[in-house]
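Dear colleague,

I am handing over a structure for you to look at. My notes on what was found in it come after it.

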Amino acid sequence: MTWEIVAGLIAICGAAVSLGTVLARLVRTLTRLDVTLATLDKTIGEDRRINSEERADMRARINAHEGRITKLEWREGVK
């Protein structure tokens, strides 16, 4: 083998190792990002469910207060 062939093989191996390292880091980063987004989606879903339940409770309490106020006003002869 001549020196050009050996130098070419070393250059190809070096490029493969460099690209492999970059691709491995990229895959690891994308995997972490995917896991983070899945967790975020789950958390947002739970927060929306809790928020919906709290809003329903607030609406029920407000309606009950409105009913009481209306009864008091009619009893006092305000309306």
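A salt bridge here is a side-chain nitrogen of Lys or Arg within 4 Å of a carboxyl oxygen of Asp or Glu. By that rule the side chains of Arg49 and Glu53 form a salt bridge, with 3.1 Å from N to O. The structure holds one salt bridge. Please keep in mind that this is a predicted model.

Both partners, Arg49 and Glu53, belong to helix α1, where four residues, or about one turn of the helix, separate them. Arg49 has a relative accessible area of 45%, so this residue is partly exposed. Glu53 is also partly exposed, because its relative accessibility is 48%. As background, side chains of opposite charge can pair when their charged atoms come close.

On charge overall, the protein has 13 positive and 11 negative side chains. The centres of these two sets lie 3 Å apart.

Next, the overall form. The protein has one helix and zero strands. Its radius of gyration is 34 Å, well over the 12 Å that the globule rule gives for 79 residues, so the protein is more spread out than a compact globule. The C-alpha trace spans about 110 × 15 × 5 Å along the principal axes. A pair of residues gives a local view of these distances: Ala56 and Leu72 are 16 residues apart in sequence, and their C-alpha atoms are 25 Å apart in space. Ala56 is found in helix α1, and with a relative accessible area of 42% it is partly exposed.

How much of the protein is buried? Buried residues make up 0% of the 79 residues; the cut-off for buried is under 20% relative accessible area. The accessible surface of the protein comes to about 7,400 Å², and 64% of that surface belongs to carbon and sulfur atoms.

Which residues form a nonpolar patch on the surface? They are Leu19, Leu23, Leu26, Leu30, Leu33, Leu37, Leu40 and Ile44, and together they have about 750 Å² of accessible area. Leu19, one of these patch residues, lies in helix α1, which covers residues 3-76. Leu19 counts as exposed because its relative accessibility is 57%, and the cut-off for exposed is over 50%.

To find your way around the model, you could begin with the salt bridge between Arg49 and Glu53 and then turn to the nonpolar patch that includes Leu19 and Ile44.

Regards

Note on methods: Residues are numbered from 1 along each chain as its sequence is written. This is a predicted model: local features need pLDDT of at least 70, side-chain atom pairs count only at pLDDT 80 or more; totals for chains, interfaces and linings use all residues. Side-chain values use heavy atoms; hydrogens and water are left out. Patches are made of residues with over 30% relative accessible area and no salt bridge: like charges are joined within 9 Å, nonpolar side chains (Val, Leu, Ile, Met, Phe, Trp, Tyr) within 5 Å. Accessible areas come from the Shrake-Rupley method with a 1.4 Å probe; for residues, only the protein chains shown count as cover. Helices (H or I, at least four residues) and strands (E, at least two) are DSSP runs, numbered from the N terminus. Buried means under 20% relative accessible area, exposed over 50%, partly exposed in between (1.4 Å probe, protein chains only). The radius of gyration is taken over C-alpha atoms; the globule rule is 2.2 Å times the number of residues to the power 0.38. Lys and Arg count as positive and Asp and Glu as negative; His and the chain ends are not counted. The place of a charge is taken as NZ of Lys, CZ of Arg, CG of Asp or CD of Glu.
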